[in-house]
Each structure stands twice: as structure tokens, then as C-alpha cells.
Amino acid sequence: LQMLLNRVGLFVSQRGIQYNIARSPRTVNCLAKRWHGDCEHHHLTMCIELACLLDGDANSPKTLKPDVLSTLQEIQDAHHNIVLVSNIPKPDTAALMQTLGLPQHLKACSSTSIPIKMPNPGILIYAIETLAGGEISNSISVGNSADNVRMAKAAGVPVINIRSDEITNGFSSTADLRIDSFDQVL
């Protein structure tokens, strides 16, 4: 029980169960059910921060991290929706996705899709509801930045944080689940 509570962002104290961060009970209940595979909605919408799929630093050419394409394919094979989010302009996002060999049918929300940027939760809500046709209550955000965690928390969406080589911001540790690589999303 404690492991499940930790995964949904709750902790137990002597005074009972307390929220680690404000979240609606519906979101917490649906997330808890997802870990056991019995959520009333069988297909999740996964909103993935484009940057967490990339290898290399700002000065080197962008490439995909190992196992990204196979992991994305497994997510799609499980009939989950995928939408990418990025703070770079839409034409640059589309060109980058094509250069990287990402599937052409993947949708991406970029900084010029709507006039807001991460960590504003509006970009996540737009990506999930409008681009992917999903529901906030049945979505998960995946990323490697503190901005992604802030955005997901503000939208009431559970968040998986992929540890990065960058100095870890304290806010990243408030993610619902922390993993070491993108293939662990599965």
C-alpha cells in the first residue's frame, strides 16, 4: 500500500493520509487504478516532452536516445494516445521530428501552436484534449525538466520524470514517478 501511495504522490504520516501536492481525488483514484490496469478508461493519453527523447547537448546535433522508437511503438501497440510538447516553434518542431525519424502521425504541440509556453498548464491541456482527443483525468505527462513537472502538477495530471544529467531541480523530485530512461515508461 505504501508503494502505491508513493506512486500517486501521497505520503502517510501519524495523522493519516495527506496530499504531497494538491490534486483532485478523481485524478488520484484513476492513477491508482491505472497501476493495477482497471481504470474505467483503458487507453491513456501520454503527453511527452520532446526534449526527454533527445540525446546530446545544446551544441551537438540532436539524435534520439536508444530505444525511443521501439518504446513509442509499444505504447502505440497498447492503443495509448501519444502527443509531444515542445517550447520550440512549430516549423522547427516538425523539422526536428522528421530529421529524427519520429513517426509522421505523431502530433506535437509547440510554442507557436498556442500563445503560451511551458510551464503554463494550458499547453498540456491543449495537447491532451485538442490534439490527442484525450481526457485530463486519463492522462500522464512524461518529461525530464522541472518545467514539465510544474506544468503537469498545475494541470492535475500525474507526471513521470526521467532523470537527466542536468543538476536536479528540487521540484523534479515531486514527480509521481521518477525513472532513469525513457524505455522505463512502459
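**Terms and values**

Trainee: Which residues does L102 contact, its neighbours within four places in sequence left aside?
Mentor: L102 is in contact with L50, L64, L69, L72, L84 and M97, where contact means heavy atoms within 4.5 Å. This is a predicted model, in which local features need pLDDT of at least 70 and side-chain atom pairs count only at pLDDT 80 or more, while totals for chains, interfaces and linings use all residues. Residues are numbered from 1 along each chain as its sequence is written, and side-chain values use heavy atoms, with hydrogens and water left out.

Trainee: What makes a set of residues a nonpolar core?
Mentor: The members must be buried Ala, Val, Leu, Ile, Met, Phe, Trp, Tyr or Cys residues joined through side-chain atoms within 4.5 Å. Buried means under 20% relative accessible area, exposed means over 50%, and partly exposed lies in between (1.4 Å probe, protein chains only). The largest such core here has 25 residues, and I48, L53, L72, L84, L102, V142 and F182 have the most contacts inside it. At least two residues of this core come from each of β3 (45-49), α3 (68-77), β6 (81-85), α4 (90-100), β8 (139-143) and β9 (159-162); helices (H or I, at least four residues) and strands (E, at least two) are DSSP runs, numbered from the N terminus. Another core, of 20 residues, lies apart from it and includes L124, A152, V157 and V159.

Trainee: Why is D67 called partly exposed?
Mentor: Its relative accessibility is 45%, and therefore D67 counts as partly exposed. D67 lies in the loop between β5 (63-64) and α3, and has a positive phi of about 70° although it is not a glycine.

Trainee: Why is H79 called exposed?
Mentor: The relative accessible area of H79 is 55%, so the residue is exposed. H79 is placed in the loop between α3 and β6, and its phi, near 65°, is a positive value in a residue other than glycine.

Trainee: How do you know that helix α6 is mostly covered?
Mentor: Of the 10 residues in α6 (residues 146-155), 7 are buried. They are A146, N148, V149, M151, A152, K153 and A155, and they pack against β3, β6, α5 (121-131), β8 and β9. Just after α6, G156 has a positive phi of about 75°.

Trainee: Which peptide bond is cis?
Mentor: The bond from M118 to P119 is cis, with omega near 15°. P119 is found in the loop between β7 (107-109) and α5.
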